[in-house]
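Dear colleague,

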Amino acid sequence: MPWKKIILLILVLGVLGGIAFVAGLPMLKGYLVQEKPLENADAIVVMAGNREERLPAAARLYHDGVASTVLLANDGVFASWSREYQRNLYLVEWAREDLLDMGVPREDIVLLEFTECGSIHDALNTRDYVLPREGISSLLVVTSDYHARRTLWSFRHVFREEDIRIGIHPAGQEKNGSSQNLRTLALELFKYVYYRVRYGLPIQP
């Protein structure tokens, strides 16, 4: 990253740190939580992480007929032992097992490739899967509510030259918002600003 961008990032994060401290939890949550629903999509994309919150939301959308395919983002994390498979599974494989338990058929679940960790890489890996395939012109991305703004920006940025509609479903809204504390929300705000400076074209905020 050029040094001018680094300096700008430090200055912006310092200002945002003060804003986060003064504004507090409700204002931060109100800014970070973003929703862009799609009544129908060609695929549901579930961001890696927080399986307990994101996967039930994705399963409900699937069973409601919003989309017939679920794409699982892969964070490359090697996890616990499976008695059924007699090996340790990756977290993305455990996510598939959870969806199977929720009634989503195996043939409708796709495990995306892993390259690097991060929301921007989840979006890039989704693009690598989607573009060679015909018939995918809309994606509904499921993630935690506080993570929705950065996720939507990442997908819009990565798909900016493609004719693909992107929607966002913030899981956890049925619980009256996430239970994240001020520190977590402030960190997410910093990550969002970092993404805008690091990768950023000034598309939709």
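Predicted model: local features only at pLDDT ≥ 70, side-chain atom pairs only at ≥ 80, totals over all residues.

Residues are numbered from 1 along each chain as its sequence is written, and side-chain values use heavy atoms, with hydrogens and water left out.

Strand 6 (residues 138-144) is largely enclosed by the rest of the structure, because seven of its seven residues are buried (under 20% relative accessible area with a 1.4 Å probe, protein chains only; strands are DSSP runs of E of at least two residues, and helices are runs of H or I of at least four, numbered from the N terminus). Strand 6 pairs in the parallel sense with strand 1 (residues 43-46) over four bridges, where pairing requires that DSSP finds at least two bridges between two strands, and the bridge partner of Ile44 in strand 6 is Leu140. Strand 6 also pairs in the parallel sense with strand 7 (residues 165-171), over seven bridges, and there Val141 stands opposite Ile168.

As for the pocket (an open set of points on a 1 Å grid over the protein atoms alone, where a 1.4 Å probe fits, with protein on both sides within 12 Å along at least five of seven lines; lining residues have an atom within 4 Å of a point), the largest one is lined by 13 residues, of which Ala48, Cys117, Gly118, Ser119 and Asp122 lie nearest its centre. Helix 4 (119-130) and helix 6 (182-199) each supply at least two residues of that lining.

With best wishes

Conventions:
Buried < 20%, exposed > 50% of the residue type's maximum accessible area, 1.4 Å probe, protein only.
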